[in-house]
Amino acid sequence: MIFNTMKKEFTISLFTEHHIGILNQVTIIFTRRQINIESIAASASAVKGIHKLTIVVNTTEDMIGKVQRHLEKLIDVLKVFVHTNDEIIYQEIALYKVQTTEIMKSNKIESIVRSSNARFLEITPEYVVIEKTGHKQDTTDLLNKLDPYGVLQFVRSGRVAITKQT
Amino acid sequence: MAKTIKKEKITGAKALLYSLIEENVNTIFGYPGGAIMPIYNELYDIEDNKLNHILTRHEQGAAHAAQAYAMVTGKTGVCFATSGPGATNLVTGIANAFLDSVPVIFITAQVTSTLIGSDAFQETDILGISMPVTKWNYQITQAEEIPKIISKAFYIAGSGRPGPVLIDITKDAQMQTLAFNYQKCTHLRSYNPNIPLNPADIESAAILINHARKPLILAGHGILLSKAEKELMAFVEKTGIPVASTLLGLSAFPAKHPLYAGLLGMHGNYGPNIKTNEADLLIAIGMRFDDRVTGDLKRYATNANIIHIEIDKSELSKNVEVDIEIHGDAKEVLKALIDQVNANSYPEWLSGFKSCNKIEANKVIKQECYPSHGKIRMGEIVNLISEKTLGEAIIITDVGQHQMATARYYKFNNPNSLITSGGLGTMGFGLPAAVGAKIGKPNVPVIAFIGDGGFQMTIQELGTILQYKLPVKIIILNNNFLGMVRQWQDMFFDKRYASTELVNPDFIKIAEGFDISASRVIERETLEISIDEMLACEKSYLLEIMVEKEGNIFPMIEPGSSVSEIKLC
């Protein structure tokens, strides 16, 4: 049997009971198979009392199928969906902290923020916080553009996703 | 729905015991300690005929005993241990039950809830530790949760693909009081073990079966777990298809049946391994294509369509890509299939198995089971015991060469009569498993084959045998080696016997210290009479048999080889 060894990005949506330790139960399945989690987000779902985890991983088609069945086997997991990027609408949020003095030097940062469809979230005499939502590539592009001006802090959230299928 | 309500408030500890009684438990294996004392204190008041507690000599022993008890009785086993080291000592036993899909409820005590996370005395994160080797685990910090969680634990452990469940109960939850109200768990929204059969799958499987010319059944532990032995027999007798067995599937189908083809895998029989790659159809029932069964996956079942009947969806197409996945309980699936398959016979195909058997008999079995000279062989001992007990005993093994010899040469007649450590291969399993099996089936002879290495891993359980006067028969097959590792060193590491030779104690003297009758056999001439003496003894008995020091188990599929490359010598 020859398995397809091409890796690609998958978004896994898990609907779980909201129990202590559920995240641990889920993540050890990835650990055991040497799969690194690229991003993870946990929140309430549209159904009351049911929690939703959104996990992004890079792995093979064959492996993701096995992982899906293994996750579904967990007693506290209700349902697991696996999607490729073309099947979902997804978004991440990123925050960037830059020194205010850098902004005052020229209007370059302002124009980067405008052209990137980002926004100033907070402005203080010492620093500004810029917020950008988008795909990982978009938020990374902005990071690269701001980098010459000294990014003091950068953080990106886990992916949240909704399926296109109705 | 069974419902019990008691008005007066009782402690969490007592509620736990009442919950166990509600679940029809009457035997607990365990070991007390600090954090679990409130439970043992309540146990003191409960009559032995309601809840009989077996004090082992180590928590690992309690875990293995509870598993063996579950395997011979078909009930869910129960095991108690205290927090910290008590809980961590269970881990090997939990993992063993997990890999072999045996329902056992492990109750561990935990330090008082306010101390959790403070590195309190004997505090350990047993939830985190046991998570990868349990079907489910949960920590109770409030007494009110106890009845509900215990009923959930039994429901999860025993249904679907069974497995161990660990419930950790803090000391304060054991001591708080509650109004006891027990309701059996019959449903969970996140877990549905009752899988509806897909009629289309059954139909396609039946078509493949009816058109096959060289079909072979691979029978696994799932047959025993689903209690589908009768359905398997009916299916086999109607279709005329030969049955090969996995290690844990042994005893699901009687070895003396003309359609029994033998043991699969690394040290299995010649026929079923060779024929796996000649078959045009494999019907795998309640088994998981373990690497010890399949050998090299790329060259496995090269000519066959595969139908895989399996209750655990995550096992389907995990190791082997199959043609028809039937997700369901073995008993239900076989019932549905029987009506749709044709009565058939495969005389030519079966005669091929017979030829293989002849080859194996000449090249391996004759020398192993009927040697005329040289040191005593493991095979001849197992074969003698098999004949003398008519295949009716409950046989326990430890792990290693003696285990393979037992699996190969004992002719199992009754379901659940082999208790062995399969998936995890846990040395030290045998002696405590014999304890659990004897307590579960006191009226059936229990005979444990154990190597000199594995025996010393859990030798302290002789104390349990002494305390409860358990008439188990222990046969030590002594080659003064860790035999299976030595065999691999012989075959694959240029005979460099690194740390496999054992200097052993006097096992007879040790047995005497535990008030166990014992004798040692060195010469073939006294073998049979010593076995007779052991079998006739009404009390526990230890028989040490000195066997060939450097005997190897054959046939063998070497690691990385295909099943069809099985070697006879």
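What we have is a predicted model, where local features need pLDDT of at least 70, side-chain atom pairs count only at pLDDT 80 or more, and totals for chains, interfaces and linings use all residues. Residues are numbered from 1 along each chain as its sequence is written, with chains lettered from A and ligands numbered from 1 in the order in which they are written.

Let's start with the domains. Chain B is assigned domain 1 (3-183), domain 2 (199-352) and domain 3 (375-546); such bounds come from an automatic or database domain assignment. The centres of domains 1 and 2 of chain B, taken over C-alpha atoms, are 37 Å apart. Five residues of domain 1 of chain B contact five of domain 2 of chain B, contact meaning C-beta atoms, placed from the backbone, within 7 Å.

Now to helix H6 of chain B, residues 146-158. Helices here are DSSP runs (H or I, at least four residues) and strands are too (E, at least two), numbered from the N terminus. How many of the 13 residues of H6(B) are buried? Ten are, where buried means 20 or more other C-beta atoms within 10 Å of the residue's own, all placed from the backbone. Among them are B:Ile149, B:Phe154 and B:Tyr155. Their cover includes helix H1 (12-22) and strand S5 (104-110) of chain B. Just after H6(B), B:Gly160 has a positive phi of about 60°.

Finally, the partner: 17 residues of chain B are in contact with 16 residues of chain A.

Definitions and conventions:
Two residues are in contact if their C-beta atoms, placed from the backbone, lie within 7 Å. The expected span of a helix is 1.5 Å times one less than its number of residues. A residue is buried if 20 or more other C-beta atoms lie within 10 Å of its own, exposed if 12 or fewer, and partly exposed in between; C-beta atoms are placed from the backbone.
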